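Here is a short briefing on one protein model. Look over the sequence and the fold, then read on.

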Amino acid sequence: MRFSSRVDISAPNAIARAEQAAKEDGITLDKLNDSNPTKFALAPQSLPTVYAAQPRGQYEARRQLAGFLADRRRRESTLPDAQPVDANRLYLLSSTSQAYSWLMKLLCDAGDIVLAPKPGYPLIESIAALECVQVITYQQRFDGSWIIDTAQLESMLNGPQGAKIRALVLINPNNPTGSYVKPEERETIVRLCAEHEVAIIADEVFYDFPVDPFPGNARLAGEPRVLTFALDGLSKTLAAPHAKVGWIEVSGPELDVDEALKRLDVIADDYLPMSDIIADRLPSFLAEAAQQTARVSDRVQTNAGTLRRMLADDPNGLVSMLRMEGGWNALVRIPSVLDENEVVLRMIRDHRLTGQPGYFFDMTSNGYLAVSLLPQPDRFEHNIAAMLDTVAAMLKE
């Protein structure tokens, strides 16, 4: 696996080697230049603990998280050869957005390429631009359900720019299409990435919210055959984006994982780990996760059923819902004779309701709107009625 040249992992100097030797011998060294005020009784009363920077995040928090993830993995249908959860292969961060940034630093030099799904959320392109990394999209195609064009991926990896492709992003399930990575897609993608020494970045924040999935889905977290970075966090698991808790789980061939950890430690040390204040609260957050996930899943499935019913009962019958396997958002198809942008502008004018048209997500044609399935049922029903009313009114003009 090739990593970026941006991360300095040069051999430690003589002082660093001597410090490490003392540590291994159980000797605690005082520091002439120690500037950590918490070690010298100068911490405020509101934060009385002694701060000890750990690049991967506070170990006890990682241990608690590893236990949570291991329990979750045992309950799920997963790959029989998935690697066990190891606290030493976890990194705690403030968000999966931060994880994307770190991983692009780890894997890509300026001008290198990351492959990302289309349709898809535009966040990856924005972060990549800040890292001077190119994003080339691969296509998901809809034919009753969404499928990844693995033939296109193979062509890209074997093409003239193949040598510059350093990572492939999988959103499992995708946003906004709601499609999980199918078992046969996974097998092909893992094989291709292993052959071409391309890492997988698997964003699985919506995995716990199935709506109408196909059988055989599994997380990519723990994938043993190719270097894989699985991203997840409490913004979705706990329905708490304000908690600011995300993580990276690293898996794959041992030599690749060891090299990745060594380099990722440098990045994590430069940017410093998650706040100890949040890390100390992680056990209580995790204790709420199952209840919160079930609560949100119930809301999503209720509103998905309401959406299907309202579209079926609509006398015009011109708006349909694309199959949604999981996640929090659905895509609806409106008549393509209407400009989706104009539909949203009309909703703003007539119903004080805004929305996101399909082109926000690089849909290949006009005529789509993204719908959140999170609102309270009465509010959700009101919003769908407003959308249908807008479409009907515009068709009459």
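Where is R352 found? R352 is in the loop between helix 10 and strand 11. Helices (H or I, at least four residues) and strands (E, at least two) are DSSP runs, numbered from the N terminus.

This is a predicted model: local features need pLDDT of at least 70, side-chain atom pairs count only at pLDDT 80 or more, and totals for chains, interfaces and linings use all residues. Residues are numbered from 1 along each chain as its sequence is written, and side-chain values use heavy atoms, with hydrogens and water left out.

**Helix 10 and its ends**

- D339 caps the N-terminal end of helix 10, with a side-chain oxygen 2.8 Å from the backbone nitrogen of N341.
- Helix 10 has twelve residues and, at 1.5 Å a residue, should span 16 Å; its end C-alpha atoms are 16 Å apart, which agrees. The expected span of a helix is 1.5 Å times one less than its number of residues.
- E340, V343, V344, R346 and M347 are the buried residues of helix 10. Buried means under 20% relative accessible area, exposed over 50%, and partly exposed in between (1.4 Å probe, protein chains only).
- Seen down the axis of helix 10, these buried residues fall within an arc of 160°, so they line one face of the helix. The arc is that of the directions from the helix axis to the C-beta atoms.
- An α-helix has 3.6 residues a turn, so residues three or four places apart point the same way.
- The cover over the buried residues of helix 10 includes strand 11, strand 12 and helix 11 (377-395). Contact here means heavy atoms within 4.5 Å.
- D350 is also part of helix 10 (residues 340-351). D350 counts as partly exposed because its relative accessibility is 40%.
- The side chains of D350 and R349 are joined by a polar contact of 2.7 Å. A polar contact is a pair of N or O atoms within 3.5 Å; within protein, one must be able to donate a hydrogen and the other to accept it, and residues adjacent in sequence count only if both atoms are side-chain atoms.
- D350 and T390 lie 40 residues apart in sequence, yet their C-alpha atoms are 8.0 Å apart in space.
- Just after helix 10, R352 takes a positive phi of about 50°, although R352 is not a glycine. R352 counts as exposed because its relative accessibility is 82%.

- Four strands form an open sheet in the order 9-10-12-11, with antiparallel pairing. Two strands pair if DSSP finds at least two bridges between them.
- Strand 9 (320-321) and strand 11 (356-357) are the edge strands, and each pairs on one side only.
- Strand 10 (residues 329-333) pairs with strand 12 (residues 368-372) in the antiparallel sense over five bridges.
- A330 stands opposite V371 in strand 12.

**Nonpolar cores**

- Which residues have the most contacts inside the largest nonpolar core? They are Y91, L107, L227, F229, I248 and V250, in a core of 35 residues. A nonpolar core is a set of buried Ala, Val, Leu, Ile, Met, Phe, Trp, Tyr and Cys residues joined through side-chain atoms within 4.5 Å.
- Helix 3 (residues 96-107) gives the largest share of this core, seven residues.
- Apart from this core lies another, of 32 residues, among them F206, A330, I334 and I384.
- Not counting residues up to four places away in sequence, L227 touches residues including M1, F3, V250 and A260.

**Strand 1 and Y91**

- L90 and L92 point one way from strand 1 (residues 90-93), Y91 and L93 point the other way, and all are buried.
- Strand 1 pairs with strand 8 (residues 246-251) in the antiparallel sense over four bridges. The bridge partner of L90 in strand 8 is E249.
- D265, in helix 8 (residues 254-271), has a side chain joined to that of Y91 by a polar contact of 2.8 Å.
- Leaving aside neighbours within four places in sequence, D265 is in contact with P55, R56 and Y91.

**Backbone points to check**

- The peptide bond from K118 to P119 is cis, with omega near 0°. P119 sits in the loop between strand 2 (113-118) and helix 4 (123-130).
- N172 and P173 are joined by a cis peptide bond, with omega about 5°. P173 is in the loop between strand 5 (165-171) and helix 6 (183-196).
- C132 is a residue other than glycine with a positive phi, near 60°. C132 is in the loop between helix 4 and strand 3 (134-142).
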